[in-house]
Amino acid sequence: MVDRSSGQAGSVWGPVARVLARDVLLPYVVYLGLRAAGVSNLRALVGGAVVALLLVVVDAIRRRRLNALSLVVMLTLVLSVVVALISGNARVTLARDCVITGGLGLLFLASLPRHRPVLYHLLAPLAAARSSEGEAGFAARYEHSPDLRAALRVTTAVWGVVLLADAALRLAAVALLPVPDAATAATALTIATVVVLVGWLRFYVPRRLRAA
């Protein structure tokens, strides 16, 4: 699995860039457009989330499947709209991402004592798609390779810490900055966090296994 993917940086970053453009940058651009048209911060945030949600739904219908990433994005966007409608507060709407990233960070760290941490379950379907051995082959490699287990455990810990740092910085931005600046900071944080997480996974794990 690792050897086949080691030469496919483009195939990794291409989908990541598309997801960031559709689910992060587009809602922000819609928010800016609505604000320029005189719409309130709260309604502009909801408008951006609704547009992104519709695109996720259309994409799922077109592909006739809903993968784990699309499901997470969809649930996040729905949560954003619900929180906005219930709270009526733009800052609370922005702060919902602190709960999501912080919760995910804690989930990753809490899974470290388990034989198969959360990251294993995220990577198994991807490994199956890239290898003729399927998930069973990836499971066998994991069981018989101490280096693979160590690499995934270290990556799980790094992801957990990065997500918690993201939540803390996001909460500080929401609490201290004006809403438009907080929205800008939240968008930049999301992009930076995704790049760090995918970059670590993409480069650390193959190099760790090659070194072993």
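Analyst: pLDDT is the predictor's confidence in each residue, on a scale from 0 to 100. This is a predicted model, where local features need pLDDT of at least 70 and side-chain atom pairs count only at pLDDT 80 or more, while totals for chains, interfaces and linings use all residues. Residues are numbered from 1 along each chain as its sequence is written, and side-chain values use heavy atoms, with hydrogens and water left out.

User: What is the mean pLDDT of the protein?

Analyst: Of the residues of the protein, 87% reach a pLDDT of 70 or more. Over residues 1–8 the pLDDT stays under 50. The mean for the protein is 84.

User: Which element has the highest mean pLDDT?

Analyst: Helices (H or I, at least four residues) and strands (E, at least two) are DSSP runs, numbered from the N terminus. The protein has 9 helices and 0 strands. Among these elements, the lowest mean pLDDT, 43, belongs to helix α1 (residues 2–5), and the highest, 94, to α8.

User: How are α8 and α9 oriented to each other, roughly parallel or roughly antiparallel?

Analyst: Axes are lines fitted to C-alpha atoms, for helices over the stretch in contact, and angles run from 0 to 180 degrees between N-to-C directions. Angles under 35 degrees count as roughly parallel, over 145 as roughly antiparallel, 65 to 115 as roughly perpendicular and the rest as oblique. Helix α8 (residues 146–176) packs against helix α9 (residues 179–211) at about 170 degrees, with the axes 10 Å apart. Therefore α8 is, relative to α9, roughly antiparallel.

User: How many residues of the contact of α8 with α9 are nonpolar?

Analyst: Ala, Val, Leu, Ile, Met, Phe, Trp, Tyr, Cys and Pro count as nonpolar, Asp, Glu, Lys and Arg as charged, and the others, Gly among them, as polar. In the contact of α8 with α9, 3 residues are polar and 4 are charged. The nonpolar residues number 23.

User: What span does helix α3 reach?

Analyst: The expected span of a helix is 1.5 Å times one less than its number of residues. Helix α3 (residues 41–63) has 23 residues, and 33 Å is expected at 1.5 Å a residue. From its first C-alpha to its last, α3 comes close to that, at 33 Å.

User: Which residues of α5 make the contact with α3?

Analyst: The axes of α3 and α5 cross at roughly 35 degrees and come within 8 Å. Contact means heavy atoms within 4.5 Å. On the α3 side the contact is made by Asn 41, Leu 42 and Leu 45, and on the α5 side by Ala 90, Thr 93 and Leu 94.

User: Is Ser 111 buried or exposed?

Analyst: Buried means under 20% relative accessible area, exposed over 50%, and partly exposed in between (1.4 Å probe, protein chains only). Ser 111 sits in the loop between α5 (90–110) and α6 (118–130). Because its relative accessibility is 5%, Ser 111 counts as buried.

User: How far apart in space are Leu 109 and Leu 164, C-alpha to C-alpha?

Analyst: Leu 109 lies in helix α5 and is partly exposed, with a relative accessible area of 27%. Leaving aside neighbours within four places in sequence, Leu 109 is in contact with Ala 157, Gly 160, Val 161 and Leu 164. Leu 109 and Leu 164 are 55 residues apart in sequence, and in space their C-alpha separation is 9.8 Å.
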